[in-house]
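Trainee: I want to check the labels on this model one by one. Can we hold each value against its cut-off?

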Amino acid sequence: RQAAVIGVPDPKWGEAVKAIVVLEPGANVGPEELIASVRERKGAVQAPKSVDFVEALPITAVGKPDKKALRARYAAVPA
């Protein structure tokens, strides 16, 4: 349904790609499947290293995912 991709702290690389995903009701997909799909289409560099599934993304006043809020939420969480 929705997704946002941000950089999160990583002890080895400094920063790693994390996807935060809201699934469609009834959808059943695992993080490995999503990572493999992106890796196949976009390449290993752009593929997320981790995926979190959430109920809803924070939204800005104009209706876009609030990446600043997501970065703040994941700032201290290892990828």
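Trainee: What makes the pair D52 and K18 a salt bridge?

Mentor: The closest N and O atoms of D52 and K18 are 3.4 Å apart. A salt bridge needs a side-chain nitrogen of Lys or Arg within 4 Å of a carboxyl oxygen of Asp or Glu. The pair D52 and K18 is therefore a salt bridge. D52 sits in strand β3 and K18 in strand β2, so two parts 34 residues apart are linked. Strands here are DSSP runs of E, at least two residues long; helices are runs of H or I, at least four, and both are numbered from the N terminus.

Trainee: Where do these values come from, and what counts?

Mentor: The model is predicted: local features need pLDDT of at least 70, side-chain atom pairs count only at pLDDT 80 or more, and totals for chains, interfaces and linings use all residues. Residues are numbered from 1 along each chain as its sequence is written, and side-chain values use heavy atoms, with hydrogens and water left out.

Trainee: Why is K18 called buried?

Mentor: K18 has a relative accessible area of 3%. Buried means under 20%, exposed over 50%, and partly exposed in between, with a 1.4 Å probe and protein chains only. D52 has 25% relative accessibility, so D52 counts as partly exposed.

Trainee: What makes K18 and S50 a polar contact?

Mentor: Their side chains are joined at 2.9 Å. A polar contact is a pair of N or O atoms within 3.5 Å; within protein, one must be able to donate a hydrogen and the other to accept it, and residues adjacent in sequence count only if both atoms are side-chain atoms. The K18 and S50 pair therefore qualifies. The side chains of K18 and D52 also make a polar contact, at 3.4 Å.

Trainee: Which other residues does K18 touch?

Mentor: Leaving out residues up to four places away in sequence, K18 touches A4, V5, I6, V8, P48, S50, D52 and Y74. Contact means heavy atoms within 4.5 Å. K18 and Y74 are 56 residues apart in sequence, and their C-alpha atoms are 9.3 Å apart in space.

Trainee: How do you know that β1 and β2 pair?

Mentor: 9 bridges join β1 to β2, and these strands run antiparallel. Two strands pair if DSSP finds at least two bridges between them. β1 and β2 therefore pair. Among the bridges, I6 has K18 as its partner in β2, and V5 has A19. A hairpin through 3 residues joins β1 to β2.

Trainee: What about β2 and β3?

Mentor: β2 and β3 run parallel and are joined by 4 bridges. A19 stands opposite V51 in β3. The open sheet has 3 strands in the order β1-β2-β3, with mixed pairing. β1 and β3 (50-53) are the edge strands, since each pairs on one side only.

Trainee: How many salt bridges does the structure hold?

Mentor: It holds 2 salt bridges. One of them joins R1 and E24, with the closest N and O atoms 3.5 Å apart. R1 lies in the segment before β1 and E24 in the loop between β2 and α1, so the pair ties together parts that are 23 residues apart in sequence.

Trainee: Why does D10 have no salt bridge?

Mentor: D10 is buried, and the nearest side chain of opposite charge, K12, is 7.5 Å away. For charge, Lys and Arg count as positive and Asp and Glu as negative; His and the chain ends are not counted. The distance to K12 is beyond the salt-bridge cut-off, therefore D10 has none. The side chain of D10 does reach the backbone nitrogen of K12, at 3.0 Å. D10 lies in strand β1 (residues 2-10).
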